[in-house]
Amino acid sequence: MPKEEDIKKIKSSERSKINLSFLGTCFTLFTFIIAINSKLLQGNLLLAAELSIAIPLFLSSIFARTKLAYTTKPKMWERFGFTTFITAYSFLISVIGIMLSTLVSVKIGMLFFALNIIMPLIYSSLEVRENREKLKSRILKDLFFIFLIIIFGVLPSLGIWNL
């Protein structure tokens, strides 16, 4: 059985890799939009802002997740890393959903958002089933994620609000 210290290092490394992948996705998406249709960013300030903000948030999350491997206050860094990650991830999902709604159809965009809400709920229910003590934290994390997706993705895609 691995030591708790080894598990922390592995977890920190794996989370950093995930964040790096999403950061790469943001840069790729940003470059792709600029090269193919920069008017999409000019015409939708919210889309441009979310994509631009996601990049430093993913970077901050990477630094926080890396620090988890050797810090004396892991809870503080874990919360910061999670908050910056989930906000950046929500913005990235929102950007993709808004683009689907704008460039393909609102129905496809809403399907994308629905699946991005349902899948974490399924994940959380499995995690809670495995460890009942995680119920409160999973509810809070999922509500935060869903709130961000609805405010910054679903509502703009439906034309209810936009910058």
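**Ground rules.** I number residues from 1 along each chain as its sequence is written, and side-chain values use heavy atoms, with hydrogens and water left out. The model being predicted, local features need pLDDT of at least 70 and side-chain atom pairs count only at pLDDT 80 or more, while totals for chains, interfaces and linings use all residues.

**Entry 1: α4 and α6.** I looked up helix α4 (residues 74-103) and helix α6 (residues 135-157). Helices here are DSSP runs (H or I, at least four residues), numbered from the N terminus. Two packed helices are described by the angle between their axes and the distance between the axes. For α4 and α6 I noted an angle of about 30 degrees and axes 9 Å apart. Axes are lines fitted to C-alpha atoms over the stretch in contact, and angles run from 0 to 180 degrees between N-to-C directions. The two helices are therefore roughly parallel (angles under 35 degrees count as such, and over 145 as roughly antiparallel). Their crossing is right-handed, meaning that the near helix is turned clockwise from the far one by less than a right angle.

I then listed the contact (heavy atoms within 4.5 Å). The α4 side includes Phe-82, Ile-86, Thr-87 and Tyr-89, and the α6 side includes Phe-144, Leu-148 and Ser-157. The contact residues divide into 12 nonpolar, 8 polar and 1 charged. Ala, Val, Leu, Ile, Met, Phe, Trp, Tyr, Cys and Pro count as nonpolar, Asp, Glu, Lys and Arg as charged, and the others, Gly among them, as polar.

**Entry 2: α5 and α6.** Helix α5 (residues 106-130) packs with α6 at about 175 degrees, axes 10 Å apart. That makes α5 roughly antiparallel to α6. Among the contact residues I wrote down Met-110, Phe-113 and Glu-127 of α5, and Arg-138, Asp-142 and Ile-146 of α6. By class I have 14 nonpolar, 4 polar and 3 charged residues.

**Entry 3: Thr-87.** Beyond its neighbours within four places in sequence, Thr-87 is in contact with Leu-57, Phe-144 and Leu-148.

**Entry 4: Phe-22.** Phe-22 is in helix α1 (residues 4-37). Its 23% relative accessibility makes Phe-22 partly exposed. Not counting residues up to four places away in sequence, Phe-22 touches Phe-58, Phe-85, Tyr-89 and Leu-92. Phe-22 and Ser-157 are 135 residues apart in sequence and 22 Å apart in space, C-alpha to C-alpha.

Key: Angles under 35 degrees count as roughly parallel, over 145 as roughly antiparallel, 65 to 115 as roughly perpendicular and the rest as oblique. Buried means under 20% relative accessible area, exposed over 50%, partly exposed in between (1.4 Å probe, protein chains only).
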